[in-house]
Amino acid sequence: MNHDILLFLVVVFSAALIAVPITTRLGLGSVIGYLVAGLIIGPEGLKLISNPESILHLAEFGVVLLLFMIGLELNPKNLWKLRRSIFGLGTIQVVLTACAACLLLLAIGWDLGPSLVAGLGFSMSSTAIVMQIVGERGIKNTTVGKSSFSVLLFQDISVVPIMVLVSLLAVDEVSKGPEINPLAAIFSIIGIIVGGRYLSRPIFRWVAGTKSREVSLALALLIVVGISYIMTLVGLSMALGAFLAGVILAESEYRHELEANIEPFKGILLGLFFLAVGMGIKISILLASPLQLLGLVTGLIVLKIGLISLIARFFEVEGRDRLLLGILLSQGGEFAFVLFSSALNSKIISPEVAALLNGAVTVSMLTTPLLLILYDRWAKKCAIDDAKPENDKISNDGHPVIIAGFGRMGQIVARLLHLNKFSTTIIDHSPDNIERVRRFGFKAYYGDATQLALLEAAGIQEAKLFVIAIDDRERIIEMVDIARSHFPNIPILARAFDRNHAYELLKRNVTYFERETFGSALNMGESALKILGIHPFKAHRTALHFKRYDAELIQKQFAVHTDEKEVISTSRAAREQLEKLFMEDSILFADNSSLNWD
C-alpha cells in the first residue's frame with residue numbers, strides 16, 4: 001500500500017481519536033470534535049492534509065448512508081403520517097427562510113443572483129449534524145425529533161428544483177449545470193420501488209443461503225451505491241434515492257441485518273465528512289472580512305431560529321420544544337456547499353463570495369452544539385422552576401398509610417391497599433403525576449417527603465405504615481433516616497434497588513423492604529418452571545421456598561458483609577457475590593427432599 005495513504009489514515013484517525021473524546025467530555029458533542037480536528041490538520045492548520053476536497057467527495061457518502069438508515073426505520077405508513085410536517089412545516093420553512101435571507105442581503109447591497117443563491121443555501125440544514133444530535137439525545141421519536149426529520153426530508157426533496165433554479169441563473173450556456181431528465185427520474189424512482197418490493201426478498205434469501213457475512217455486507221453496500229449511482233445519472237440527489245430505498249426496505253425481514261452491516265460504514269464516513277468540512281475552513285479569507293462573516297452567521301442563526309420557532313406553533317410543537325427545534329435546524333447544511341460550488345462554476349457568485357458563504361455555513365455548524373448547551377442550561381433552570389411549586393397544604397385526614405412516590409411501585413401498592421379499604425395519603429415530587437392521580441380519585445399531594453414538616457402535616461405521627469417507593473436510592477435512605485429519627489416506632493416499608501441497598505436499610509432497622517426486580521424475576525422463574533412441565537403448585541411452592549431462602553441469606557450476609565475486604569471494582573464485587581450465591585444455592589438445594597418440595 002502507498003505510504004502516503006497510510007500516513008493519511010494515521011493522521012485522520014489520530015486527530016479524530018484525540019479531538020472527539022475531548023469535546024464529547026466537555027459536552028460539546030462529537031461533531032465539534034471532528035470539525036476542530038479537521039481544522040487543525042487541514043491546509044489552514046498544521047497542513048498535514050493538503051487536499052480536503054478529495055476526502056469530502058468520498059465522505060459525502062456518509063450522509064447518503066445516514067439517510068438510508070433513517071429510511072430503514074420508517075415504513076410507508078409511518079411516512080404518510082408525517083406528510084403534514086414534511087409538506088407543511090418543511091415547505092414553509094424552506095420558502096420563508098430563502099425569501100427572508102434573500103431580501104435581507106438585497107437590502108444591504110448584494111446583487112440578486114448571489115442573494116438568491118445564499119438564501120437558498122441558508123434555507124438548508126445539516127442532516128448529518130441534526131440526526132447525529134437527535135440520535136445522541138434519544139429524541140428520535142419525540143415531536144421535536146419527528147419534526148426535525150420532516151423538515152430535513154423536505155429539504156432533500158427540494159434539492160432538485162433548487163439545482164434547476166441555479167442552472168437557470170447561470171451567466172452563459174457553457175456554465176449551466178447538467179440538465180435533469182424528468183421522465184428518466186420518474187422511471188428510475190418507479191424502478192427502485194418495484195425492485196425493492198418484488199426483487200429484494202428473493203435476492204436477500206439467495207444471499208442468506210450462502211451464510212457468508214461478507215456477501216451480505218457486499219449486497220447491502222451494493223444496494224446503496226447502486227441506487228445512488230442511478231439517482232446521479234438522472235440528475236437527482238443521491239441522499240434522496242438512498243432514503244427512498246431505505247423506506248422501501250423498511251418492512252423487509254432483512255432490515256435489521258442491513259442496519260447491522262451498514263452502521264459501521266455510516267459512522268466512519270460521517271466522521272470523515274465532518275473532518276473534511278473542518279479542513280475546508282478558509283481562515284485566511286474569513287479573517288479578511290470578519291465583520292461580514294459575523295453578520296452572515298448571526299443573521300443566519302437568528303433568522304432560522306426565529307422563523308422555525310414561529311412556524312412550529314402551527315404544527316403541534318409545544319412550548320420550549322419550538323426553540324429546541326429552531327436551534328437544531330439553525331445551521332447551514334451540507335447541500336449548501338454543493339449549491340455554492342455549482343453557483344461558482346456557473347459564475348453566479350465570485351470566489352470571494354463563495355468562500356464567505358462556505359465559511360458562514362461551516363461556522364454555523366460549529367454553533368449548533370454550543371447553542372444546545374446554552375439551551376439545556378436554560379431549559380434545566382426552567383424545569384426546576386416549573387417542577388418546584390410550593391408544597392401542597394396537606395390536611396391530616398387520619399389515613400393509616402403514607403406513600404412517598406407514586407411511580408410504578410407506589411401505584412401498585414396503593415391500588416392493593418385501596419382494594420382492601422385502606423385509605424392512603426400520597427406524596428410525590430412530580431406535579432404531572434399528582435394531577436394524573438387526582439383524576440382517578442386518589443388523595444395526592446405535591447411535595448418533598450424528605451421535609452419533616454411535610455411528613456408531620458401528612459399525619460405520620462398517627463400513621464400505621466410509611467411506604468417509601470420513590471425512584472432514588474439516596475433519597476430513600478434520607479427519608480428513612482428522617483423517619484427513624486423523629487418517628488422511631490412507625491413501620492417502614494421501603495423500596496430497595498439491590499442487595500447492597502437492602503444492607504443500608506437493614507442498618508437502619510428497616511426489615512420490611514422489597515427489591516424492585518426480585519419479585520418480577522421470581523415470578524418469571526416460576527413461569528419458566530411451568531413452561532418446562534413442572535406442576536403449577538410445585539412451581540409456586542418452589543418460588544415461595546426460594547423467596548424465604550433468599551430473605552434468610554440476606555440476613556446472614558448482612559451480619560458479616562462489613563468484614564469483607566473492599567472490592568477493587570463494582571464488576572468484580574458483583575461477580576464474587578454471584579459466585580458466592582451460586583455456591584450456597586448448590587449446597588442448599590443439593591437435596592430437594594430436605595426442603596419438603598412436595
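## Strand 1 and strand 4

Strand 1 and strand 4 run parallel and are joined by four bridges. V401 stands opposite L465 of strand 4. The model is a predicted one.

## Strand 4 and strand 5

On to the next pairing. Strand 4 covers residues 465–468, and strand 5 covers residues 492–496. The two run parallel, with three bridges between them. F466 has I492 in strand 5 as its bridge partner. For V467, the partner in strand 5 is L493.

Six strands form an open sheet in the order 3-2-1-4-5-6, and the pairing is parallel. Which strands lie at the edges? They are strand 3, residues 444–446, and strand 6, residues 512–515. Each of these pairs on one side only. On average, neighbouring strands of the sheet are turned by 20° against each other, direction ignored.

Helix 20, residues 408–419, packs on this sheet. The helix touches strand 1 (401–404), strand 2 (424–428), strand 4, strand 5 and strand 6. The direction of helix 20 makes about 160° with that of strand 1.

## Helix 2 against helix 14

Two packed helices are described by the angle between their axes and the distance between the axes. Helix 2 spans residues 30–41, and helix 14 spans residues 255–279. Their axes come within 6 Å and cross at roughly 45°. Helix 2 and helix 14 are therefore oblique to each other. Their crossing is right-handed.

Helix 2 brings V31, Y34, L35, A37, G38, L39 and I41 to the contact. Helix 14 meets them with G271, F274, L275, V277, G278 and M279. By class, the residues of this contact are 10 nonpolar, three polar and no charged.

## Helix 5 against helix 16

Helix 5 covers residues 83–107, and helix 16 covers residues 290–312. The axes of helix 5 and helix 16 come within 10 Å and cross at roughly 145°. The crossing of helix 5 with helix 16 is right-handed.

On the helix 5 side, the contact residues are L89, I92, Q93, L96, T97, A100, A101 and L105. On the helix 16 side, they are L296, L303, K304, L307, I308, I311 and A312. This contact of helix 5 with helix 16 divides into 12 nonpolar, two polar and one charged residue.

## Helix 11 against helix 12

Helix 11, residues 200–209, and helix 12, residues 213–233, have axes that come within 9 Å. The axes cross at roughly 155°. That makes helix 11 roughly antiparallel to helix 12.

I203, F204 and V207 make the contact from helix 11. V215, S216, L219 and I223 make it from helix 12. What is the make-up of the contact of helix 11 with helix 12 by class? Six residues are nonpolar, one is polar and no residue is charged.

## Aromatic pairs

Three aromatic pairs turn up in a search of the whole structure. One of them is formed by F87 and F154. Their rings lie 6.3 Å apart, centre to centre, with 80° between the planes. The geometry of F87 and F154 is edge-to-face.

This pair links distant parts of the chain. F87 sits in helix 5, and F154 sits in helix 8, residues 143–157. The two residues are 67 residues apart.

Terms used:
Residues numbered from 1 in each chain as written. Predicted model: local features only at pLDDT ≥ 70, side-chain atom pairs only at ≥ 80, totals over all residues. Heavy atoms only, no water. Pairing = 2+ DSSP bridges. Axes fitted to C-alpha atoms, helices over the stretch in contact; angles between N-to-C directions. Contact = heavy atoms within 4.5 Å. Parallel < 35°, antiparallel > 145°, perpendicular 65-115°, else oblique. Left-handed = near helix turned anticlockwise from the far one by under 90°. Nonpolar A, V, L, I, M, F, W, Y, C, P; charged D, E, K, R; others polar. Phe/Tyr/Trp six-rings, centres within 6.5 Å; stacked < 30°, edge-to-face > 60°.
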